[in-house]
Each structure stands twice: as structure tokens, then as C-alpha cells.
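Me: I've got a model open and I'd like to go through some of the labels on it. Can you take a look with me?

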Amino acid sequence: MVIPHRELGRTGVKVAAIGLGCMGMSEYYGPTDDKESIAVLERSIELGALRAMIRISGTPPYVLPQSLSSRTIHCSIIICDVYGIGKNEELLAKVLKTRRSEVFLATKFGGVRAPDGKFLGINGKPEYIRQALEASLNRLQVDYVDLYYQHRVDPSVPIEDTVRAMAELVKEGKVRYLGLSECSAATLRRAHAVHPIAALQIEYSPWTLDIEENGILETARELGVTIVAYSPLGRGFLTGQYKSIDDFDATDFRRNHPRFSPENFSKNLDLVRQFEELAKAKGVASSQLILAWVLAQGQDFIPIPGTRRLKYLEENVGATNVTLSEHELKEIRKAIDSIKIYGTRYPEAGMKGLNI
Ligand SMILES: NC(=O)c1ccc[n+]([C@@H]2O[C@H](COP(=O)([O-])OP(=O)(O)OC[C@H]3O[C@@H](n4cnc5c(N)ncnc54)[C@H](OP(=O)(O)O)[C@@H]3O)[C@@H](O)[C@H]2O)c1
């Protein structure tokens with residue numbers, strides 16, 4: 001399996017075209033199994049490392065010979081300090097202990113939670129950012145992260161102040177590149193004027209096309225910012241594996257998600273059925289068709305499907321070998337455009353946290 005690479009922003013660094021989202025390994029999508037998650041992480045690194053062109057090792061700043069025209073790291077792993085209230089980073093530490101140099105490691109800050117998990121708000125204050133990074137490095141047991149994202153924009157702090165503080169961490173070698181998540185086009189532009197933003201992590205999938213309509217994609221392209229498409233499989237729904245809300249565990253956060261409410265769930269299955277037909281005609285899994293479609297939106301798209309299962313990991317990575325013709329892309333777009341999606345992409349409180 002050959003995993004293609006894509007440049008991250010305008011950094012000159014190439015990462016695997018599909019990353020691995022680790023959120024579900026610690027929270028939100030029902031019961032977790034660390035042993036299985038670690039197997040997925042190890043295999044993910046292996047799949048990437050098999051094709052590694054250049055391994056980058058050592059501590060930053062990276063000094064590479066001038067003769068090397070591209071810098072490639074394979075496996076992109078995306079986590080966050082709030083997932084599992086730090087548990088997600090602690091889980092990663094177990095794998096990074098021996099494999100740090102093979103991983104392009106991204107984590108986020110900004111969501112503040114109490115030890116019992118209660119969400120306390122968003123914090124983008126300079127002093128908090130430093131404190132959050134130190135805590136992440138400590139949990140991860142690493143000296144630096146490759147990509148550090150602000151998870152949500154703090155409306156009480158000018159984005160310039162936040163990004164200036166993040167840029168300090170780059171200067172100190174604790175962070176290599178900066179990213180934002182779920183910010184508006186205007187915020188992205190202001191942030192980028194302070195320090196280059198390499199990536200924007202934002203929801204994008206066949207049932208969440210907001211960035212095409214609100215100017216975000218256009219602005220990201222103008223500035224050379226990679227779109228890291230999170231929940232590219234519609235939180236698993238678009239793969240067709242869930243047929244009713246009862247398929248979710250009692251603790252699964254999707255039970256409170258408007259798109260999965262009893263009245264919306266069955267209506268939203270229309271799009272799933274269309275994908276099932278298109279995938280069958282192509283001879284691939286629905287998940288692969290969807291990921292191949294996201295990848296086909298441009299070299300500046302990197303989807304980060306989340307999984308805790310080896311089978312899904314292999315399937316998702318396999319999507320990088322699925323080529324869609326112009327005709328197939330048009331057919332998929334036609335199917336997407338023909339279906340109405342019911343429910344917002346977050347519950348009310350979550351929608352308020354988006355900088356749109
Ligand atoms: N910036 C943000 O605000 C934000 C928000 C949400 C997520 N994220 C990031 O984005 C990552 C991905 O999001 P997500 O987990 O919601 O993504 P997703 O890939 O859309 O959905 C993950 C769900 O799909 C299932 N799945 C994965 N591959 C499959 C396959 N081939 N066939 C059938 N089912 C499959 C997973 O099942 P299993 O879990 O059982 O494997 C899981 O239930 C997260 O891990 C997180 O890092 C960021």
C-alpha cells in the first residue's frame with residue numbers, strides 16, 4: 001500500500017494524506033479499549049513508516065541538509081488535551097515512548113474542563129496557552145509537538161494575542177507549526193497575519209460542506225492553509241454501520257447530537273443509502289468512497305478519520321488508493337446536493353462555540 005503525501009500548509013513538510021484521529025480512543029464514542037487502541041496506533045505508524053522517504057528524528061529545531069528537497073513524515077496522529085481529560089495524550093505517550101520520530105504529532109488546547117469532565121469554557125489567554133502546552137508535553141512525555149492547534153476561538157481574547165503566544169512556543173522549539181480549529185475566514189486571516197497558520201482543522205464531509213459556502217475554503221486556499229477535515233465520515237454515520245440511535249452505547253455522545261435524534265436519524269439515512277449504492281458500483285467500501293471524495297477536493301485536504309479498530313484503519317488508509325474519475329466525482333456531488341440533511345452539526349451549546 002502506497003500512502004501518498006501532502007504538503008502541510010506552505011511548510012515544505014509532507015505528511016500522510018490521511019491522518020488518524022484518536023478522540024474516540026478515550027471518550028465520546030462509547031466504551032474504549034486501550035489495548036486495541038494501542039494496536040491501531042502501532043499499525044498506523046507501521047503503515048506510514050513502510051513508505052517513509054525521510055525519517056526525521058532528534059529534537060527541534062530540525063536542521064536538514066539543503067539537498068533534501070522534501071521533508072516527509074508519515075503518520076499524522078491527531079489528539080487533544082480535552083479528550084478524556086488528558087487520558088488521550090497519556091494513551092499516546094505509551095506509543096510515542098519508542099516511536100516519536102515516526103509520528104507527526106498534533107494536539108490542541110483551548111477547551112477547559114474540570115477533573116470530573118465538566119466543560120468550563122474556552123481559554124485563549126497567552127498565559128493559559130503556555131500552561132496547557134506544558135501539561136500536554138508532560139502527559140505525552142515528549143519535548144515538542146509538530147502541530148499545535150487552538151481548539152476553539154476564545155471570543156474574549158483577540159486572536160492576535162493568542163497566536164502571538166503560540167508563536168512564542170514555536171520560537172522556543174516546543175511547537176513546530178500552528179493550527180486553528182473551527183475559526184471563521186476573518187479570524188483565520190487575522191491569525192495568519194501574525195504567524196503562518198499551517199492547518200485549519202474543521203468539520204468537512206459530504207454532510208458538512210459549510211466551508212465551501214462561508215468563505216473559509218477560499219480564504220484558506222489564498223493563504224495556503226491546509227484543511228484538516230475532521231469527522232470526515234460524519235462521526236461514522238455515513239459509513240452505513242449505524243442503522244438507529246440504539247446502535248450507540250448509552251454513554252455515546254452521539255445520542256445527544258441533533259443529526260442522530262430519533263426524528264432525524266432515519267431521514268439522514270437517505271444519504272447513506274446513496275453512498276452505499278455508489279460504493280457498491282465502484283467496488284469499494286462506503287468509508288473509502290467518502291474519504292477518496294474528501295481527498296479529491298484538493299491537495300490541500302487531509303482527512304483525519306477516527307478509529308479504534310484495525311479493520312477500519314486499513315480500510316481508511318486504503319482510500320488513498322481509490323481514484324475517482326471526473327464522472328464519479330460529479331455523481332457523488334449530485335447525490336450530496338440532492339439530499340437534505342436534518343439537524344445541526346452540534347448540539348446548541350456546541351454550535352455557540354463555533355467562530356462563525
Ligand atoms: N477540532 C474539533 O473540534 C474536532 C471535533 C471532532 C473530532 N475532531 C478530530 O477528528 C478526528 C476524527 O473525527 P471522528 O472520530 O468524529 O471521525 P469520523 O471518522 O467521521 O468518525 C469516527 C467513527 O467512524 C467509525 N469508523 C471509522 N472508520 C470506519 C470505517 N472504515 N467503517 C465504518 N466505521 C468507521 C469509528 O468507529 P470506531 O471508533 O468503532 O473505530 C467512529 O465511530 C477525531 O479523532 C478528533 O481528533 C476534532
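Me: What makes Lys267 count as lying over the face of Tyr342?

Reply: Lys267 is 4.3 Å from the ring centre of Tyr342 and lies over its face. The rule asks for NZ of Lys or CZ of Arg within 6 Å of the ring centre and within 35 degrees of the ring normal, so the label applies. Bear in mind that this is a predicted model: local features need pLDDT of at least 70, side-chain atom pairs count only at pLDDT 80 or more, and totals for chains, interfaces and linings use all residues. Residues are numbered from 1 along each chain as its sequence is written, and side-chain values use heavy atoms, with hydrogens and water left out.

Me: Which ring does the charged end of Arg259 sit over?

Reply: That of Trp207, at 4.8 Å from its centre.

Me: Why is the pair of Tyr28 and Phe253 called edge-to-face?

Reply: Their centres are 5.4 Å apart, with 75° between the planes. Rings of Phe, Tyr and Trp (its six-membered ring) pair if their centres lie within 6.5 Å; planes under 30 degrees apart count as stacked, over 60 as edge-to-face and the rest as tilted. So 75° makes this one edge-to-face.

Me: And why is the pair of Tyr242 and Phe248 called tilted?

Reply: The angle there is 55°, with 4.7 Å centre to centre, so it falls under "the rest".

Me: Why is Tyr28 called partly exposed?

Reply: Its relative accessible area is 24%. Buried means under 20%, exposed over 50%, and partly exposed in between (1.4 Å probe, protein chains only), so Tyr28 is in the middle class. Tyr242 and Phe248, by contrast, are both buried.
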